[in-house]
Amino acid sequence: MFISSKENPRIKQYIKLSASKKARDESGLFVVEGARGCTDIAESAELEAVFYTEKAWDRYSKTLDMNALERVDAEKRHIITDEVADRMSSVDNTQGMFAIAHRLDKPFCVEALSSSGRYLVTVNLQDPGNLGTMLRTAAAVGLDGVIMTDNTVDLYNPKVVRSAMGSMPYIDLFIERDVQTALDVLRYASVKTCAAVVSGGKNAREFDFSGGCAVVIGNEGRGLSDSVTAECDEKITIQMRGNVQSLNAAIAGTILLWEMSKGE
């Protein structure tokens, strides 16, 4: 189907989903922008619609595997004009490829976890770029899952999806708003929880991450509350030199996930 109007219902649906968390929550859908993101999401998620300019398809079919997109039902694939692509895009220089996908997160329960699994728990993480970077890192180092709690930024915020750079289909994703419930479920699954603290914890470089383990990372400005830290089995700290007293949440998360992956 060819779309040249910015007022087309499918285009308006995409724009609404991009802008509104409420629309995403009510529909169970989210949006993906970019060639790599669309091709990766098509491999593991059900797609509601795909949009691309002719130039985008010609360009990226030379470097990316388009088979998954080609398998999408014909009525769900839409060729769009450059003007429509610019209207849909949330970046300055669009790649001209977009998708509407069904959400990827799974129900959070003991049965969904492995007693020997490696997990990341985010608590009230607010920056979309930080969450997206952590998702990408978690997938890269082979974590089993990411559990988002306590008003962590919306997993399906377009900035999170873009920062994750196609990694979301390759890791189990869980949303459990109550952090206490998340910690309890991990405990029932025999997964030890390790609170990331700025000081006073065990040296992360020397910590034994073997067995089931979950690193718990807090808010960018405030970190973890004392009550959440007290509920975790262990406290771990990245030992820093010089006058550096703290790290960006995404950088700290990357270091800790790397250290955890070395224990495999």
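This is a predicted model: local features need pLDDT of at least 70, side-chain atom pairs count only at pLDDT 80 or more; totals for chains, interfaces and linings use all residues.
Thr-149 touches Val-121, Thr-122, Val-123, Asn-124, Glu-176, Arg-177, Val-179 and Ala-182, when residues up to four places away in sequence are not counted. Because its relative accessibility is 0%, and buried means under 20%, Thr-149 counts as buried.

The loop between β7 and α8 contains Asp-150, and Asn-151 is found in that loop between β7 and α8 as well. Asp-150 has a positive phi of about 50°, although this residue is not a glycine, and Asn-151 likewise has a positive phi, near 65°, in a residue other than glycine. With regard to accessibility, Asp-150 counts as partly exposed because its value is 28%, whereas Asn-151, at 53%, counts as exposed.

Strand β7 is part of an open sheet of seven strands, in which the order is β8-β7-β6-β11-β9-β12-β10 and the pairing is parallel. The edges of this sheet are formed by β8 (172–175) and β10 (202–203), and because each of these has a single partner strand, one side of each is left without a neighbour in the sheet. Within the sheet, strand β6 (residues 118–123) pairs with strand β11 (residues 213–217) in the parallel sense, over five bridges, and Leu-120 stands opposite Val-215 in β11. Helix α9, which covers residues 179–188, packs on this sheet and touches β6, β7, β9 (192–196) and β11, while its direction makes about 150° with that of β7.

A further open sheet has five strands in the order β1-β4-β3-β5-β2, and here the pairing is mixed. Its edge strands are β1 (2–3) and β2 (29–33), each of which pairs on one side only. Between β1 and strand β4 (residues 77–80) the pairing is in the parallel sense and extends over two bridges, with Phe-2 standing opposite Ile-79 in β4. Helix α1 (residues 9–19) packs on the sheet, where it touches β1, β2, β3 (47–52), β4 and β5 (97–102), and the direction of this helix makes about 95° with that of β2. Helix α3 (residues 35–44) also packs on the sheet, touching β2, β3 and β5, and its direction makes about 35° with that of β5.

The buried residues in α3 are Ala-35, Gly-37, Cys-38, Thr-39, Asp-40, Ile-41 and Ala-42, and the partners against which the buried residues of α3 pack are β2, β3, α4 (54–60), α5 (67–70) and β5.

Helix α3 also takes part in a pocket. The second largest pocket holds about 330 Å³ of space, and of the 20 residues that line this pocket, Glu-33, Gly-34, Gly-37, Gln-95 and Arg-162 are the closest to its centre. The elements that give two or more residues to this lining are β2, α3 and α8 (158–164), and among the contributors α3 gives the most, with four residues. By class, the lining of the second largest pocket divides into ten nonpolar, seven polar and three charged residues.

The largest pocket, in turn, has a volume of about 490 Å³. Of the 25 residues that line the largest pocket, those closest to its centre are Ala-196, Val-197, Val-198, Gly-223 and Leu-247. Two or more residues of this lining are given by each of the elements α10 (226–231), β12 (234–237) and α11 (249–261), and one of these elements, β12, is also a strand of the seven-stranded open sheet. Sorted by class, the lining of the largest pocket has twelve nonpolar, nine polar and four charged residues.

Conventions: Residues are numbered from 1 along each chain as its sequence is written. Side-chain values use heavy atoms; hydrogens and water are left out. Two strands pair if DSSP finds at least two bridges between them. Contact means heavy atoms within 4.5 Å. Axes are lines fitted to C-alpha atoms, for helices over the stretch in contact, and angles run from 0 to 180 degrees between N-to-C directions. On a 1 Å grid over the protein atoms alone, a cavity is a set of points where a 1.4 Å probe fits but cannot get out, and a pocket is an open set with protein on both sides within 12 Å along at least five of seven lines; lining residues have an atom within 4 Å of a point. Grid points are joined across faces, edges and corners, and a volume is the space filled by probe spheres set on the points. Ala, Val, Leu, Ile, Met, Phe, Trp, Tyr, Cys and Pro count as nonpolar, Asp, Glu, Lys and Arg as charged, and the others, Gly among them, as polar. Buried means under 20% relative accessible area, exposed over 50%, partly exposed in between (1.4 Å probe, protein chains only).
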